[in-house]
Amino acid sequence: MHFACTGKLHRFFASLRMTGADVRARSQKLSTNTIAVAMSGGVDSSTVAAMLRAEGHTVIGLTMQLWNQRRLAGKEGMPESVQGRCCSLDDVYDARRVAQQIGIPYYVVNHEERFERDVIRPFVEEYVSGRTPIPCSLCNNHLKFDQLLIVAQQIGAERVATGHYARVAFDEARGRWLLKRPADSSKDQTYFLFGLTQEQLSRTIFPLGDMTKPEVRELARHHGLALAEKPDSQEICFVPGGDYKRFIDAYLAEQGEALPDTAGDLVTANGEVIGEHGGIHNFTVGQRKGLGVATGSPLYVIQISGANKQVIVGGEEHLYSRTLRARRVNLIAIDDLREPLRVTVKIRHRHEPAAAMIERTGDDEILATFDEPQRAITPGQAAVFYDGDAVVGGGWIG
Amino acid sequence: MRRIYLDNNATTPVLPEVFEAMRPYFADQFGNASSIHHHGQQTRAAVEDARESVAALLGCRASEVVFTSGGTEADNLAIAGMVGAGDHVITSSIEHHAVLLACKHLEDVGAEVTVLPVDSRSLIDPTDVRRALRPNTKLISVMMANNETGVLQPVSEIGKIAAEAGVYFHADAVQAAGKVAIDVKKIGCHALSISGHKIHAPQGVGALYVRKGTRLQPLFYGGRHERSLRAGTENVPGIVGLGKAAKMAKEALDRGDDHKMAALRDRLQQGILAQVEDAGVNGDGAPRVPNTSNIHFDHIDGEAMVIAMDLKGVAVSTGAACSSGAIEPSHVLVAMGLRTDQARASIRFSLGKQTVAEDIDIALALVPETVARLREISPRYKKQAVSTEA
């Protein structure tokens with residue numbers, strides 16, 4: 001073999017060896033268990049299905065139909081047709097074709113009602129309350145790793161595998177399942193997975209945890225999957241074009257509900273009223289544009305008060321805070337936080353984990369105190385605590 | 001793994017004799033049945049033979065049989081063919097979507113539609129039909145046998161009402177043909193649909209009985225095939241297959257094979273009910289075709305049961321094939337008054353000519369264990385998972 005040809009080829013073969021070894025190591029634990037692979041019609045989950053099948057596992061492909069992409073099409077400015085989004089006909093078609101190609105049984109199971117109840121509704125409610133929601137974590141908690149595991153068990157699969165970039169491993173010393181950051185930190189999805197329980201982690205495999213995205217695409221090509229070049233979807237699956245407001249308007253109109261009237265005052269940190277706003281849902285912490293007020297220096301949204309219908313603005317310096325409170329906490333690496341712990345914390349998906357001390361301040365609340373003040377800590381987002389690569393746990397920023 | 005097929009209401013395998021009957025008509029006798037040369041004469045003869053076989057199955061004249069691409073086309077041809085703007089149609093809430101949506105489309109173009117409810121056994125009350133009649137009623141369309149429950153409707157009574165009122169009566173007999181005897185004179189219908197792939201003929205062929213003298217607009221324009229009622233070069237192999245299957249179906253009915261079918265179905269049904277608690281037959285107490293049993297198993301997810309059984313090699317279904325993956329529970333089961341959770345927990349078992357006693361044995365072994373496992377899993381799992389809400 002001439003590895004001298006291109007570095008890319010070298011890495012491809014290296015990755016095959018590494019991936020093969022890693023998956024073999026996992027497969028020793030799995031033996032003849034049946035694995036249900038959650039297939040979205042994307043490259044990642046398709047490659048997972050192909051890999052596990054090639055390894056000799058009994059694999060069942062499942063797509064969870066969670067949202068009807070045609071439901072709000074053309075309403076209130078929403079696009080007429082949405083293709084290439086999770087749960088679209090095209091994606092189900094792609095997943096089904098991959099399953100056929102690799103020779104595994106494939107089923108679509110419908111959980112639209114649960115998705116609407118556990119993801120869409122809370123998303124809308126958070127948004128109209130002036131918080132910035134992350135539906136992906138809710139989907140992971142309720143659908144991907146609760147409902148999916150239920151379905152898998154119902155049909156006889158003890159474990160599920162997904163295309164998430166993350167790692168799961170059992171730590172003998174602690175006697176706990178650990179969730180860890182993946183090899184490709186640019187694709188790290190652990191931020192959205194902080195809610196997984198020990199039970200869920202014990203039944204979940206993330207075969208892509210040790211691979212980079214380019215390596216995954218190479219592997220897809222190696223398995224002859226036509227969708228190896230399919231672009232990744234970057235946005236929330238049910239919000240085409242990332243336009244939250246348009247989605248909320250269309251959804252509320254469909255439900256026959258009105259957007260609550262939360263128009264009120266724009267106030268400074270000192271409580272001085274300097275203007276008006278048309279609704280708290282138009283703002284997010286750290287926002288600079290759209291305030292409708294001009295002063296000498298730049299103004300940012302520093303807090304949104306749903307109760308008072310107030311949007312509090314201030315200068316850049318007001319955006320920084322040293323603490324946050326995380327509620328409805330889920331712990332993974334440890335069973336309980338009995339004394340203060342030194343960790344790094346992510347306050348949003350695209351954020352470099354920052355050093356902090358965390359301590360329990362209530363039954364269900366953890367206070368994080370950062371070494372350095374952090375910019376735009378936003379209620380509604382998640383705070384996820386890391387110990388190096390391992391996810392200690394996380395909660396919702398209140 | 002030997003696969004057991006208990007979803008014959010979705011489709012049936014082509015019988016070997018039917019396949020053999022079709023075989024010459026692909027490469028050997030291939031002429032366009034309308035051509036005047038030898039090749040056309042050959043296939044024309046085959047089409048007309050098939051027409052006679054279908055007519056014998058339905059108790060009508062050969063000239064009253066129109067070949068179509070299947071049951072859906074036959075339903076659409078009857079409904080769109082007999083009803084126009086300003087007309088009124090009476091139909092039932094348990095019809096196949098081919099009928100319901102064809103009627104809905106008529107509403108969009110200016111007709112009026114009354115959809116009659118059914119009782120808890122999914123039976124339509126003929127007096128409801130009579131009461132729904134209006135001066136501008138043009139057509140009553142009620143199915144002879146329901147595809148999901150197998151329940152047989154009182155079509156002869158409806159035929160009498162139609163005759164008295166001077167309105168057309170169309171019966172969708174797609175699920176009845178080959179399972180129970182059909183005599184269009186006794187029923188009193190003006191049109192009746194059948195489908196090849198439900199009676200062991202191939203997919204892609206069906207027929208519509210059209211009583212002589214009935215005015216019908218075609219769906220397709222083109223050649224003058226089928227007495228100008230259905231343009232398009234005849235699907236000769238398919239039609240030959242339909243004819244052979246119809247002939248075999250008539251012979252089987254005359255022999256009393258339907259009793260044997262019913263016995264197998266009953267053994268499956270009683271066997272399941274004896275072993276599984278909190279289960280019941282949907283449509284219990286109503287007359288039914290001999291091959292179908294639609295059973296609700298409380299506290300389970302029907303979709304998961306179908307998948308679990310498929311993975312063990314037994315094919316069944318929840319509701320109709322065309323609705324799989326749909327969010328709405330079966331409109332038929334809902335119309336009968338089943339709660340949504342019960343409708344979602346219903347499984348349809350439908351036998352075919354090829355079903356043997358061993359198939360029933362295997363199903364009887366698998367069903368109780370699958371239901372037990374599903375019932376055990378859900379509450380237990382819900383207790384353990386910790387959900388994190390926003």
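Predicted model: local features only at pLDDT ≥ 70, side-chain atom pairs only at ≥ 80, totals over all residues.
Chain B contains an open sheet of seven strands, arranged in the order 2-8-7-6-5-3-4 with mixed pairing. Strand 2 (65-68) and strand 4 (112-116) of chain B stand at the edges; each has a single partner strand, so one side of each lacks a neighbour in the sheet. From one strand to the next, the twist averages 20°. Strands of a sheet pair through backbone hydrogen bonds, in either a parallel or an antiparallel sense. Within this sheet, strand 3 (residues 88-92) of chain B runs parallel to strand 5 (residues 137-141) of chain B, and four bridges join the two. In this pairing, Val89(B) is found opposite Leu139(B) of strand 5.

Helices lie across these strands. Helix 5 of chain B lies across strand 3, strand 4, strand 5 and strand 6 (168-172) of chain B, at about 155° to strand 3.

Helix 5 of chain B also meets another helix. Two packed helices are described by the angle and the distance between their axes. For helix 4 (residues 71-82) and helix 5 (residues 97-108) of chain B, the axes come within 9 Å and cross at roughly 35°. The crossing of these two helices is right-handed. Among the residues that meet are Asp75(B), Asn76(B), Ile79(B) and Ala80(B) from helix 4 of chain B, and Val99(B), Ala102(B) and Leu106(B) from helix 5 of chain B. The residues of this contact comprise seven nonpolar, three polar and one charged.

Ala102(B) belongs to helix 5 of chain B. Ala102(B) is buried, because 23 other C-beta atoms lie within 10 Å and the cut-off is 20 or more. Apart from residues up to four places away in sequence, Ala102(B) touches Asp75(B), Asn76(B), Ile79(B) and Ala80(B). The C-alpha atoms of Ala102(B) and Ala80(B) are separated by 7.1 Å, although these residues are 22 residues apart along the chain.

In chain A, eight of the eight residues of strand 17 (residues 390-397) are buried, so this strand is largely enclosed by the rest of the structure. Strand 12 (residues 320-331) of chain A is joined to strand 17 of chain A by four bridges and runs antiparallel to it; here Arg327(A) has Trp396(A) as its bridge partner. Strand 16 (residues 382-387) of chain A also pairs with strand 17 of chain A in the antiparallel sense, over six bridges, with Tyr386(A) opposite Val391(A). Strands 16 and 17 of chain A form a hairpin with two residues between them, and Gly388(A) in the turn has a positive phi of about 65°.

How values were computed
Residues numbered from 1 in each chain as written. Chains lettered and ligands numbered in written order. Axes fitted to C-alpha atoms, helices over the stretch in contact; angles between N-to-C directions. Left-handed = near helix turned anticlockwise from the far one by under 90°. Contact = placed C-beta atoms within 7 Å. Nonpolar A, V, L, I, M, F, W, Y, C, P; charged D, E, K, R; others polar. Pairing = 2+ DSSP bridges. Buried ≥ 20, exposed ≤ 12 C-beta atoms within 10 Å, placed from the backbone.
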